[in-house]
Amino acid sequence: DRLKQIYGPMPSMATLAAGGMASLRSGARVIAAELEATGFSLALSPIVDLCQPQSFIAERCLAADPLEVARLASAFVEELSKRGIMTCAKHFPGLGGATSDPHFSLPRIERTKRQLLQEDTVPFVKLFGQTDMIMISHAHYPALGDEKGIPASLSPRVVGGFLRKKLGYRGLTITDDLTMGAVAGRGLTPDLFLRALECGNDLLLFSQTTPLIEQAFRT
(Lines give C-alpha, C1' and ligand atoms only; values in the text may rest on other atoms or scores of the structure.)
Protein backbone atom coordinates (compact mmCIF):
# COMPACT_ATOMS: atom_id res chain seq x y z
CA ASP A 1 0.00 0.00 0.00
CA ARG A 2 2.88 2.38 0.75
CA LEU A 3 4.23 1.83 -2.77
CA LYS A 4 0.99 2.39 -4.69
CA GLN A 5 2.20 5.75 -6.00
CA ILE A 6 4.99 3.86 -7.78
CA TYR A 7 3.35 0.62 -8.85
CA GLY A 8 -0.37 1.32 -8.65
CA PRO A 9 -2.82 0.04 -6.03
CA MET A 10 -3.09 -3.62 -5.08
CA PRO A 11 -6.35 -5.44 -4.30
CA SER A 12 -6.96 -5.83 -0.57
CA MET A 13 -5.90 -9.05 1.14
CA ALA A 14 -9.57 -9.86 1.68
CA THR A 15 -10.19 -9.54 -2.07
CA LEU A 16 -7.20 -11.71 -2.95
CA ALA A 17 -8.23 -14.36 -0.42
CA ALA A 18 -11.83 -14.35 -1.66
CA GLY A 19 -10.52 -15.34 -5.08
CA GLY A 20 -9.03 -18.54 -3.68
CA MET A 21 -5.51 -19.85 -3.22
CA ALA A 22 -4.40 -19.12 -6.80
CA SER A 23 -5.48 -15.49 -6.45
CA LEU A 24 -3.75 -15.14 -3.10
CA ARG A 25 -0.50 -16.62 -4.38
CA SER A 26 -0.59 -14.43 -7.49
CA GLY A 27 -1.02 -11.31 -5.38
CA ALA A 28 1.78 -12.41 -3.07
CA ARG A 29 4.12 -12.87 -6.03
CA VAL A 30 3.37 -9.35 -7.24
CA ILE A 31 3.98 -7.91 -3.77
CA ALA A 32 7.25 -9.85 -3.47
CA ALA A 33 8.47 -8.67 -6.87
CA GLU A 34 7.63 -5.04 -6.10
CA LEU A 35 9.41 -5.17 -2.76
CA GLU A 36 12.46 -6.84 -4.27
CA ALA A 37 12.64 -4.31 -7.11
CA THR A 38 12.39 -1.41 -4.68
CA GLY A 39 15.10 -2.79 -2.42
CA PHE A 40 13.08 -3.91 0.58
CA SER A 41 13.90 -7.14 2.42
CA LEU A 42 10.98 -7.21 4.88
CA ALA A 43 7.21 -7.05 4.48
CA LEU A 44 5.20 -6.27 7.62
CA SER A 45 2.66 -8.88 6.61
CA PRO A 46 0.69 -11.15 6.51
CA ILE A 47 -2.16 -9.99 8.70
CA VAL A 48 -3.50 -13.09 10.43
CA ASP A 49 -6.25 -11.43 12.46
CA LEU A 50 -9.59 -13.20 12.19
CA CYS A 51 -12.37 -11.51 10.24
CA GLN A 52 -15.04 -10.89 12.89
CA PRO A 53 -18.37 -8.98 12.88
CA GLN A 54 -17.98 -5.18 13.12
CA SER A 55 -14.19 -5.48 12.98
CA PHE A 56 -12.51 -2.31 11.73
CA ILE A 57 -9.82 -4.45 10.10
CA ALA A 58 -12.12 -6.84 8.18
CA GLU A 59 -11.06 -5.59 4.73
CA ARG A 60 -7.48 -6.52 5.54
CA CYS A 61 -8.23 -10.02 6.89
CA LEU A 62 -7.80 -13.29 5.01
CA ALA A 63 -10.72 -15.22 6.51
CA ALA A 64 -12.81 -15.83 9.63
CA ASP A 65 -11.70 -19.42 10.27
CA PRO A 66 -8.32 -19.71 12.08
CA LEU A 67 -7.12 -22.71 10.09
CA GLU A 68 -8.06 -21.09 6.78
CA VAL A 69 -6.21 -17.95 7.80
CA ALA A 70 -3.17 -20.05 8.65
CA ARG A 71 -3.36 -21.91 5.33
CA LEU A 72 -3.58 -18.73 3.25
CA ALA A 73 -0.97 -16.89 5.31
CA SER A 74 1.44 -19.79 4.95
CA ALA A 75 1.12 -19.62 1.17
CA PHE A 76 1.67 -15.85 1.26
CA VAL A 77 4.83 -16.27 3.33
CA GLU A 78 6.04 -19.03 1.02
CA GLU A 79 5.73 -16.82 -2.06
CA LEU A 80 7.58 -13.91 -0.42
CA SER A 81 10.30 -16.23 0.86
CA LYS A 82 11.03 -17.36 -2.70
CA ARG A 83 12.15 -13.77 -3.39
CA GLY A 84 14.14 -13.53 -0.18
CA ILE A 85 11.60 -11.24 1.48
CA MET A 86 11.21 -11.69 5.24
CA THR A 87 7.71 -11.63 6.73
CA CYS A 88 5.95 -10.57 9.93
CA ALA A 89 2.68 -12.06 11.23
CA LYS A 90 0.43 -9.47 12.87
CA HIS A 91 -1.26 -8.24 15.11
CA PHE A 92 -0.73 -10.57 18.11
CA PRO A 93 -2.76 -11.78 19.97
CA GLY A 94 -5.37 -10.89 17.34
CA LEU A 95 -6.97 -7.60 16.31
CA GLY A 96 -10.06 -9.06 14.66
CA GLY A 97 -12.25 -8.27 17.67
CA ALA A 98 -11.42 -4.55 17.60
CA THR A 99 -14.25 -2.24 16.55
CA SER A 100 -12.15 0.92 16.84
CA ASP A 101 -8.92 1.77 15.04
CA PRO A 102 -5.71 1.86 17.16
CA HIS A 103 -4.36 4.51 14.81
CA PHE A 104 -6.59 6.86 16.78
CA SER A 105 -7.46 5.29 20.15
CA LEU A 106 -6.88 2.16 22.23
CA PRO A 107 -9.36 -0.63 21.37
CA ARG A 108 -10.63 -2.88 24.17
CA ILE A 109 -11.06 -6.44 22.92
CA GLU A 110 -13.56 -8.47 24.91
CA ARG A 111 -12.38 -11.93 23.87
CA THR A 112 -12.08 -14.59 26.56
CA LYS A 113 -8.74 -16.28 27.19
CA ARG A 114 -10.21 -19.48 25.77
CA GLN A 115 -11.24 -17.69 22.57
CA LEU A 116 -7.81 -16.14 22.24
CA LEU A 117 -6.13 -19.53 22.74
CA GLN A 118 -8.44 -21.63 20.56
CA GLU A 119 -9.18 -19.10 17.82
CA ASP A 120 -7.30 -15.78 17.57
CA THR A 121 -3.78 -17.04 18.24
CA VAL A 122 -4.05 -20.26 16.21
CA PRO A 123 -2.71 -18.73 12.95
CA PHE A 124 0.24 -17.19 14.80
CA VAL A 125 1.16 -20.52 16.40
CA LYS A 126 0.86 -22.31 13.05
CA LEU A 127 3.32 -19.79 11.56
CA PHE A 128 5.85 -19.80 14.41
CA GLY A 129 8.44 -21.66 12.37
CA GLN A 130 7.71 -19.91 9.09
CA THR A 131 7.56 -16.14 9.63
CA ASP A 132 10.57 -14.10 10.68
CA MET A 133 8.85 -12.05 13.39
CA ILE A 134 5.54 -11.29 15.08
CA MET A 135 4.06 -7.83 15.51
CA ILE A 136 2.34 -7.05 18.82
CA SER A 137 -0.92 -5.11 18.67
CA HIS A 138 -1.90 -1.82 20.29
CA ALA A 139 -5.10 -3.15 21.87
CA HIS A 140 -6.17 -3.95 25.42
CA TYR A 141 -7.04 -7.56 26.28
CA PRO A 142 -8.60 -7.71 29.79
CA ALA A 143 -8.82 -11.51 29.63
CA LEU A 144 -5.02 -11.74 29.67
CA GLY A 145 -4.79 -10.11 33.08
CA ASP A 146 -4.28 -6.41 32.46
CA GLU A 147 -7.12 -4.64 34.23
CA LYS A 148 -6.10 -1.13 33.22
CA GLY A 149 -6.06 0.03 29.61
CA ILE A 150 -2.59 -1.25 28.74
CA PRO A 151 -1.77 -1.99 25.07
CA ALA A 152 -0.56 -5.54 24.43
CA SER A 153 2.61 -4.02 22.97
CA LEU A 154 3.50 -2.67 26.45
CA SER A 155 2.26 -5.62 28.49
CA PRO A 156 4.63 -8.14 30.11
CA ARG A 157 1.62 -10.43 30.58
CA VAL A 158 0.94 -10.50 26.84
CA VAL A 159 4.44 -10.54 25.34
CA GLY A 160 6.63 -12.14 27.99
CA GLY A 161 3.91 -14.24 29.60
CA PHE A 162 1.29 -15.25 27.05
CA LEU A 163 3.32 -15.28 23.81
CA ARG A 164 6.69 -16.43 25.07
CA LYS A 165 5.96 -18.56 28.15
CA LYS A 166 2.46 -19.89 27.48
CA LEU A 167 2.73 -20.38 23.69
CA GLY A 168 6.48 -20.98 23.61
CA TYR A 169 7.44 -18.45 20.95
CA ARG A 170 11.20 -17.95 20.68
CA GLY A 171 11.45 -15.66 17.65
CA LEU A 172 11.62 -11.91 17.12
CA THR A 173 8.86 -9.56 18.20
CA ILE A 174 8.22 -6.01 17.02
CA THR A 175 5.75 -3.45 18.32
CA ASP A 176 3.14 -1.95 16.07
CA ASP A 177 3.87 1.66 15.10
CA LEU A 178 4.61 3.62 18.26
CA THR A 179 3.34 6.87 16.75
CA MET A 180 -0.23 5.51 16.58
CA GLY A 181 -2.84 7.17 18.79
CA ALA A 182 -3.38 4.08 20.96
CA VAL A 183 0.14 4.52 22.35
CA ALA A 184 1.14 8.09 21.49
CA GLY A 185 -1.69 9.38 23.67
CA ARG A 186 0.14 7.94 26.69
CA GLY A 187 3.18 10.14 25.98
CA LEU A 188 6.14 8.89 23.97
CA THR A 189 8.80 9.05 26.67
CA PRO A 190 12.06 7.18 27.35
CA ASP A 191 10.18 5.24 30.04
CA LEU A 192 7.65 4.01 27.49
CA PHE A 193 10.39 2.88 25.09
CA LEU A 194 12.06 0.96 27.92
CA ARG A 195 8.75 -0.64 28.89
CA ALA A 196 8.26 -1.81 25.29
CA LEU A 197 11.60 -3.62 25.40
CA GLU A 198 11.36 -4.89 28.96
CA CYS A 199 8.00 -6.55 28.37
CA GLY A 200 9.57 -8.78 25.69
CA ASN A 201 9.72 -6.86 22.40
CA ASP A 202 12.93 -7.02 20.40
CA LEU A 203 12.20 -4.19 17.97
CA LEU A 204 10.39 -0.86 18.19
CA LEU A 205 8.55 0.36 15.10
CA PHE A 206 8.22 3.97 13.97
CA SER A 207 6.42 4.37 10.63
CA GLN A 208 7.53 7.94 10.02
CA THR A 209 10.64 10.05 10.36
CA THR A 210 10.71 11.55 13.82
CA PRO A 211 13.33 12.62 16.43
CA LEU A 212 11.72 9.96 18.64
CA ILE A 213 13.66 7.28 16.74
CA GLU A 214 17.02 8.63 17.91
CA GLN A 215 15.63 9.15 21.42
CA ALA A 216 14.40 5.57 21.56
CA PHE A 217 17.71 4.28 20.20
CA ARG A 218 19.75 6.20 22.78
CA THR A 219 17.43 5.07 25.56
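Visitor: Which residue in β4 does I134 stand opposite?
Guide: This is a predicted model. In it, β3 and β4 run parallel and are joined by four bridges. Across that pairing, the residue in β4 that stands opposite I134 is T173.

Visitor: In what order do the five strands of the open sheet lie?
Guide: Strands of a sheet can pair in a parallel or an antiparallel way, through backbone hydrogen bonds. Here the pairing is parallel and the sheet is open. The order of its five strands is β1-β2-β3-β4-β5.

Visitor: Why is one side of β1 and of β5 left without a neighbour in the sheet?
Guide: β1 covers residues 42-43 and β5 covers residues 203-205. Both stand at the edges, so one side of each has no neighbour in the sheet, and each is left with a single partner strand.

Visitor: Which residue in β5 does D177 stand opposite?
Guide: Strand β4 spans residues 172-177 and pairs with β5 in the parallel sense, over two bridges. D177 is opposite a residue of β5, and that residue is L205.

Visitor: What angle does the direction of helix α7 make with that of β4?
Guide: Helix α7, residues 157-166, packs on the sheet. The strands touched by α7 are β2, β3 and β4. Relative to the direction of β4, that of α7 makes an angle of about 140 degrees.

Visitor: Which residue in β3 is the bridge partner of A89?
Guide: β2 and β3 run parallel and are joined by three bridges. The partner of A89 in β3 is I134.

Visitor: Are M133, I134, M135 and I136 of β3 buried or exposed?
Guide: M133 and M135 point one way from β3. I134 and I136 point the other way.

Visitor: Which element gives the most residues to the largest nonpolar core?
Guide: This core has 46 residues, and L24, L62, L80, F92, I134 and Y141 touch the most other members. The elements giving two or more residues to the core are α2, α3, α4, β2, β3 and α7. With six residues, the element that gives the most is α4.

Visitor: How many residues are in the second, separate core?
Guide: Its members include L178, L192, F206 and L212. The number of residues in this second core is 11.

Visitor: At roughly what angle do the axes of α3 and α4 cross?
Guide: Two packed helices are described by the distance between their axes and the angle between them. The crossing is right-handed. The axes come within 8 Å, and the crossing angle is roughly 35 degrees.

Visitor: Is G27 buried or exposed?
Guide: G27 lies in helix α3. Setting aside neighbours within four places in sequence, G27 is in contact with M10 and L16. Because its relative accessible area is 4%, and the cut-off is under 20%, G27 counts as buried.

Visitor: What is the relative accessible area of S153?
Guide: S153 is in the loop between β3 and α7. Beyond its neighbours within four places in sequence, S153 is in contact with residues including H138, T175, C199 and N201. S153 is buried, and its relative accessible area is 0%.

Visitor: At what distance does the side chain of N201 reach the backbone oxygen of S153?
Guide: N201 is placed in the loop between α9 and β5, and N201 counts as buried at 4% relative accessibility. Apart from neighbours within four places in sequence, its contacts include I136, V159, T173 and S153. The side chain of N201 reaches the backbone oxygen of A196 at 2.8 Å. For the backbone oxygen of S153, the distance is 2.8 Å.

Visitor: Which residues does S55 touch, not counting those up to four places away in sequence?
Guide: S55 is in the loop between β1 and α4. S55 is buried, with a relative accessible area of 10%. With residues up to four places away in sequence left out, S55 touches L95, G96 and A98.

Methods. Residues numbered from 1 in each chain as written. Predicted model: local features only at pLDDT ≥ 70, side-chain atom pairs only at ≥ 80, totals over all residues. Heavy atoms only, no water. Pairing = 2+ DSSP bridges. Contact = heavy atoms within 4.5 Å. Axes fitted to C-alpha atoms, helices over the stretch in contact; angles between N-to-C directions. Buried < 20%, exposed > 50% of the residue type's maximum accessible area, 1.4 Å probe, protein only. Polar contact = N/O pair within 3.5 Å; in protein donor to acceptor, adjacent residues only side chain to side chain. Core = buried A, V, L, I, M, F, W, Y, C linked by side-chain atoms within 4.5 Å. Left-handed = near helix turned anticlockwise from the far one by under 90°.
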